[in-house]
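Subject: Structure for you to look at

Hello,

Here is the structure I said I would pass on. Please open it first, then read the notes below with it on the screen.

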Amino acid sequence: ALRAAWMAGDALSRVGENIATFTLIPSVHGKFDVRIDGELIASHQHLPDAHLFPDLQDLMEALNKRISG
């Protein structure tokens, strides 16, 4: 949940003026998804031997792409 909150805060500080609504919903074991208009753009996954966190740069690219049109 801490990583999700950090990523959310970073994203909002960069492009928050372009986001009408932002909701952070905790899930089990710290998992989280980032969706824009229902489309999954990033996900924190648990594998048997690893935790795969979304990359902030990839998230920001997806956000900027959606904002710019």
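Predicted model: local features only at pLDDT ≥ 70, side-chain atom pairs only at ≥ 80, totals over all residues.

Helix H2

H2 runs over residues 56-68, which makes 13 residues. Which residues of H2 are buried? They are Leu56, Leu59, Met60, Ala62 and Leu63. Looking down the axis of H2, you will find these buried residues within an arc of 160°, so they line one face of the helix. The face turned away from that buried side carries the exposed residues Gln57, Lys65 and Ser68.

What covers the buried residues of H2? The cover includes helix H1 (2-15), strand S1 (33-36) and strand S2 (39-43). After H2 comes Gly69, and its phi is positive, near 120°.

Helix H1

The same check on length can be made for H1. Its 14 residues, at 1.5 Å a residue, should span 20 Å; the end C-alpha atoms of H1 are 20 Å apart, which agrees. The buried residues of H1 are Ala4, Met7, Ala8, Asp10, Ala11 and Val15. Around the axis they take up an arc of only 165°, so they sit on the same side of H1. Leu2 and Ser13, on the other side of H1, are exposed. As for what the buried residues of H1 meet, they pack against H2.

Two residues of H1 deserve a separate look. One is Ala4, which lies in H1 and is buried, because its relative accessible area is 6% and the limit for buried is under 20%. Setting aside neighbours within four places in sequence, Ala4 is in contact with Leu24 and Phe32. Ala4 and Leu24 are 20 residues apart along the chain, and their C-alpha atoms are separated by 7.8 Å.

The other is Arg3, also placed in helix H1. Is Arg3 buried or partly exposed? With a relative accessibility of 38%, Arg3 counts as partly exposed. Not counting residues up to four places away in sequence, Arg3 touches Phe32 and Phe53. Arg3 lies over the face of Phe53, at 3.9 Å from the ring centre. On the subject of rings, the structure holds 0 aromatic pairs.

His44 and the loops

Where does His44 lie? His44 is in the loop between S2 and strand S3 (45-47). Its relative accessibility is 4%, so His44 counts as buried. Leaving out residues up to four places away in sequence, His44 touches His29, Gly30, Lys31, Phe32, His51, Leu52, Phe53 and Pro54. Take Lys31 from that list: His44 and Lys31 are 13 residues apart along the chain, with 5.3 Å between their C-alpha atoms. Arg3 and His44 are 41 residues apart in sequence, and the distance from C-alpha to C-alpha is 9.4 Å.

Gly30, one of the residues that His44 touches, is in the loop between H1 and S1. At 22% relative accessibility, Gly30 counts as partly exposed. How far apart are the C-alpha atoms of Gly30 and Ala62? They are separated by 22 Å, and the two residues are 32 residues apart along the chain.

The buried residues of H2 line one face, and the cover over them includes H1, S1 and S2. The buried residues of H1 are on the same side of that helix and pack against H2. Then turn to Arg3 over the face of Phe53, and end with the buried His44 in its loop between S2 and S3.

Regards

Note on methods. Residues numbered from 1 in each chain as written. Heavy atoms only, no water. Helix = DSSP H or I, 4+ residues; strand = E, 2+ residues; numbered from the N terminus. Expected span 1.5 Å × (residues − 1). Buried < 20%, exposed > 50% of the residue type's maximum accessible area, 1.4 Å probe, protein only. Arc of directions from axis to C-beta. Contact = heavy atoms within 4.5 Å. Phe/Tyr/Trp six-rings, centres within 6.5 Å; stacked < 30°, edge-to-face > 60°. Lys NZ or Arg CZ within 6 Å of the ring centre and 35° of its normal.
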